[in-house]
Amino acid sequence: MEIVHVYTKLRRELGRQCLFSDRPAELLLDLLPDPSLGLEFIPKNPRDQAQGMDCDMSVHQVNTERFHTNSCGINHVEGGWPKEVNPEEIEQTIRFRKKVEKNESYISSILQLSSVMEHCIRQNNAVDIYQEYLEDEEEVEGSQESPSAKTINVFRDPNEVKRSINGLSWHPDSGRKLAAAYSCLEFQKPSKDMSLDSYIWDIENPDRPEMTLKPTSPLICLNYNPKDPHILVAGGFNGQIAYWDTRRGSQPVEISSVEQSHRDPVYKIVWLQSKTGTAAFSASTDGQILWWDVRKLSQPTERLVLDLGREGDLNRALGAISLEFESTMPTKFMVGTEQGVVVSCIRKAKTPAEKIVCTYEGHHGPIYALQRNPFFPKNFLTVGDWTARIWSEDIKESSIMWTKYQSSFLTDACWSPVRPSVFFTVKSDGVLDVWDILLKQNSPTLSLQVCDQALNSLCVQDNGRLVACGSQQGEATLLDICSGLSTLQKNEKNLLSAMFEHETKREKILETRQREILLKERSRSEQGKEEEEGGQEEGEETPEELIVRAENDFSSMGGMEQRRRTEEDG
Amino acid sequence: MAEVEETLKRIQGQKGVQGIIIVNSEGIPVKTTLDNSSTVQYAGLIHQLVMKARSTVRDIDPQNDLTFLRIRSKKNEIMIAPDKDYFLIVIQNPSD
């Protein structure tokens, strides 16, 4: 509908001056609402209508052109000569200089400055004010800082069912990789779903293992070849030995045949020193020590049965739990047994029976760790039941030093490769102890609660600073030991060797005294037997008679001792 | 004039003194006992250093002023006595 208002204007009035005048309002148009028009529309209720009160803005990004800056030095070549002097001309410069020298202010200021200067020069010549005093006094470092260790990383078993870490081995070259053997040693605990894999971790990356090792049965122990860092040898739960080449992938390169391997889990496998670098030997609780050449794992190269009666009888053999081999003493090796006895053997003997040289008894339970001191190979450390003991090879009766009984039993130990007097032990309550026997013999120098579960294994890296411990729930914790405990102190070797000698001597004296007593005892009892009438055969006494005899001997000895003392006092 | 010469000779005669340079406020070496290239190098570099040192001292306390500057290095000691218009620089190798 168009609304139009029409007005007319005469042509002759166009352009004439407007004469405005007032006039009352006039209704021009009145539009009334037409309801019928509303039917053409559909009401819409409710209605959303957005309203904005802000002004429109737009976002732009601006990048200025890069301003390149360069740092460089300026070499001052020639001074600020005044305009009239040409620096090239020598004459002009000389003339300028002479003019300056004649200047009054120059003379006075130079005279004044030189007096000050002379004073300082003389001072320098008189005394060297920057002389270093107390140069010989060495800095007191580290020895006062309290021992500490920091956890750097924790590597967790990625599987659902957690297995315990029973073996750890550091990569020989860089120490950046750690191989861990996962298995469950508890009786009938492993479920069918339990994964068989073991892992190699890169210490920088705790999220995922760097490489997986897929054996046929869970691994109990594993070891990197110190000569070739790509080769690993490992012993499994079912007694088989397998070896891996990390360049070739996760599957073992070769596995030993079941018939020829151990009958019990392989607890320890150690590389030997040989020309080919492929010899290793393994120990297991079935009482055998087997030598292998990794190139041909179908059959062991040699076999030794740990029968102390030297008859090779498997039924009487002692189960082996730990092995010790030191490349500085390649002809000997030692085995730690389940029965608490350390057996020392020589590698090359004419008959297998002659391999066993001697035994050391001292522990009440299985010897979980056995290691020679890297600096003093004649002394070795054993760990079993609730104590750690240090032995000297020459003294077979008892250990020369031992810790007191701890609250929980010790599961693994090793010497520090850099400090001869430091060794580490791990316990079944999750505590890592660092012992410094030069500092304190009664208690550990540093005791750390690593985790809540039991710690099963321990391995120190060659630099002595990084320690890895494996727990029962499959967590490997990497710790950094403070520098005080991982740097060789002055005089440490001498002090420690003196300590070992002292203890060895003490034990020797005790041993000889013991022997003397036994000898005296025997000679007296022989004399006594000669006097006896009747044909009571030697050695055939009933237990009661034995007891009676022992009592008599004891009381007579006590009486003798008392008499001797009273003689001395008197 | 002669006194200046005498003074400088006396300084030069002191034990360990390796060289003397007198530089004016514009960085021109007026008098020197070293060769030209070292002189020019010393003059330029030390001039900047003295300016910086002086401004530092005055920034910390405006009433203060730089009276002497000593730079001890491994091989020798450079001593600078600044003035309004001139610097006197002496390089000494202290005894022992």
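In helix α2(A) of this predicted model, the residues Thr93(A), Phe96(A), Val100(A) and Glu101(A) are buried, where buried denotes under 20% relative accessible area, exposed over 50% and partly exposed the range in between, with a 1.4 Å probe and protein chains only. Seen down the axis of α2(A), these buried residues fall within an arc of 135°, so they line one face of the helix, the arc being that of the directions from the helix axis to the C-beta atoms. On the other side of α2(A), Glu91(A), Arg95(A), Lys99(A) and Lys102(A) are exposed. The cover over the buried residues includes α3 (104-126) of chain A as well as β2 (29-32) and β5 (86-92) of chain B; helices (H or I, at least four residues) and strands (E, at least two) are DSSP runs numbered from the N terminus.

Asn166(A), located in strand β2 (residues 164-170) of chain A, is buried, with a relative accessible area of 17%. When neighbours within four places in sequence are left aside, Asn166(A) is in contact (heavy atoms within 4.5 Å) with Ala181(A), Ser183(A), Leu185(A), Ile220(A), Asn456(A) and Ser457(A).

Ile3(A), by contrast, lies in the segment before α1 (35-38) of chain A and is exposed, with a relative accessible area of 56%.

Residues are numbered from 1 along each chain as its sequence is written, and chains are lettered from A in the order in which they are written. For this predicted model, local features need pLDDT of at least 70 and side-chain atom pairs count only at pLDDT 80 or more, whereas totals for chains, interfaces and linings use all residues, and side-chain values use heavy atoms, with hydrogens and water left out.
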